[in-house]
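Below is a short briefing on one predicted model, arranged by topic. The structure comes first, and the notes follow.

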Amino acid sequence: MLGLTYVAAIIATLPLLFIIFHLLRQGATFLRPSFFTEMPKPMGEAGGGMANAIVGTLILIGTASILGLPIGIGAGLYLADRRGSPLATIVRFLSDVLNGLPSIVLGIFAWEFLVRPFGGFSALAGGMALGAMMIPLVTRTTEEMIRLVPASLREAALALGYTRWRTSVSIVLRTALPGIVTGALVAIARIAGETAPLLFTALGNQFWSTALREPIAALPLQIFAYAISPYETAHAQAWAGALVLIAIVLIISLIARYATRARYAGGGD
Amino acid sequence: MLDSRRAGPVKTSARGDRVFQIVITAFAVSIPLLLVIIAISIGLAAWPALSSSGLSFLTGSKWDVAAGEFGAAPAIYGTVVSSALALIIATPLALGVSIFLSEIAPKWLRQPIGFLVDLLAAIPSVVYGLWGIFVLIPILRDPVAPFLKDTLKLGSTPLFSGPNYGYSMFAAGIILAIMILPFISAVTREVLLAVPRSQREAALALGATRWEMIRDAVIPYARSGIIGGIILGLGRALGETMAVTMLIGNRPEISASLFAPGYTMASLIANEFSEATNDAHLSALMAVGAVLFVVTLIVNALARWLVWRVTKGGAR
């Protein structure tokens, strides 16, 4: 029976290796430097790039972070501060529920709440939908990282006459900052590849646009559109785009993981 | 760990403290608030469809936009079947890999294998879809489907009857299994590690083999947490959108065969939302979203509660 767990471990690691292998092989075949600098060609024509989609994805991530990081970190501070209070328990539970909410549900909500009333698809609505997805992730990691801050640090600050909020911001938050940055990176890596909420908010754009009030291109949207199209040339672009997207996500994840590891290795917890 | 935060000298005088408290409380309250707004907003948008067709919205098997007939049964059926298929495939794998990582693997192997499985969760859904279209579906179409049909003689059973075009419930279920595997294994690993050492040592001291120890001492102790992890995976599978939309074939039909195309609630919304021009269609899609919202809410709450029961008093 124990042998079966070896088999399970091997099978469980195979899909990832498979996917990475195909991405590298297909993506590397089709990925050209022009991919990063050129605009997409009309469907069916060979060549072109996804410069607008790469920039669009970065803009969406930025917008999402502006909304998601402060709320997530603030809520995390609250949860760590008021650990046992009834409100903290409710917030902690509901943040887990929000985390489990399908991204498409957030998408149709964002459409109903941010797109329909304001008369059109926009990068802003897309960024806010993604930002809402970041909140629960950032909240939980912030809470956990702040709990790791030794109580003696906080006490020392208070004993020196710091007010409570100065202690929270200058001592506790600063000490926990590397961990919080890690959490933020993990959240960003997760939303960077999100597609479903963007279908109803950012919509995608074949042209160059960086305006927050206009529809904007995004890598995942572009990959989706190209993957389901009937053209071989579009499929090639989809593979190249997927390789770029996965590279962005994996690099962010690896930085986050490295930062955590360095912390735990040197930390005294 | 002592919680000495409360014990610290309380300076009530500073106005900054009160402002700071109000600000972080507001941020914290925004999370429940957001959920309430989501629920109300989707509920209101779904109301016309739900009130006009009533219960038949859930049971009706005809989804005909042109005729204005909206029965969500095919999408609900597809969601249930594809998620069930994913759980059937992913659960034994996740359990196996978790037991391997927590009980058997040498220390140097734990990190890298755990990392590889965890990384599956980092791959965007749309990339799974792309890989599914161009790699998984051709594999299923050629060696796998004929193997199941002819070599294993399953072609006569309703589950594997009919032609296999590739885009099918089967493909969707398999991609879902790969996608939820890291979520289930992360939770099961955590709850297995939360089983106290004494539990293991007692079993070994009574003369149990390693396998008997795992089966009789470790797994029963972690059972509700493991079930929680599986249900958490179910929650992911129910709402997964892009990869499923790209692989399931998107046809509102109920078919016993796994090789037939189908629909899930999420893929139905993703696929038709941009084409929905009239209010009735839009509201029907919102109603499908509302059903999905309620179902995942219940599933996730249940899962969290089960996991919490095990890890609460455990390692942390």
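**Briefing: one residue, its chain and the interface**

A:Ala123 is found in helix H6 (residues 123-147) of chain A; helices are DSSP runs of H or I with at least four residues, strands are E runs with at least two, and both are numbered from the N terminus. The model is predicted: local features need pLDDT of at least 70, side-chain atom pairs count only at pLDDT 80 or more, and totals for chains, interfaces and linings use all residues. Residues are numbered from 1 along each chain as its sequence is written, while chains are lettered from A and ligands numbered from 1 in the order in which they are written.

**Surroundings of A:Ala123**

- A:Ala123 is buried because 27 other C-beta atoms lie within 10 Å (buried: 20 or more such atoms; exposed: 12 or fewer; partly exposed: in between; C-beta atoms are placed from the backbone).
- Apart from neighbours within four places in sequence, the contacts of A:Ala123 are A:Ile59, A:Leu60, A:Thr63, A:Ala202, A:Ala211, A:Leu212, A:Glu214 and A:Ile216; a contact needs C-beta atoms, placed from the backbone, within 7 Å.
- The C-alpha atoms of A:Ala123 and A:Glu45 are separated by 27 Å, and these residues are 78 residues apart along the chain.

**Chain A as a whole**

- Chain A contains 11 helices and zero strands.
- Its C-alpha trace spans about 70 × 60 × 35 Å along the principal axes.
- Of the 269 residues in chain A, 54% are buried.
- Among contacts in chain A with a separation of 6 or more, 74% join residues 24 or more positions apart.

**Helix H1 of chain A**

- Helix H1 (residues 2-30) of chain A has 29 residues and should span 42 Å at 1.5 Å a residue, which agrees with the 44 Å between its end C-alpha atoms; the expected span is 1.5 Å times one less than the number of residues.
- H1(A) bends by about 25 degrees at A:Leu14, with a proline, A:Pro15, following within four residues (the bend is the angle between axes fitted to the seven residues ending there and the seven starting there).
- Buried residues of H1(A) include A:Ala12, A:Pro15 and A:Leu16.

- Chain B gives 71 residues to the contact and chain A gives 69 residues.
- Helix H1 (residues 15-53) of chain B supplies the largest share of the side of chain B that touches chain A, with 17 residues.
- B:Leu181 touches A:Ala12, and also residues of chain B, including B:Ala90 and B:Val117.

Methods
Two residues are in contact if their C-beta atoms, placed from the backbone, lie within 7 Å.
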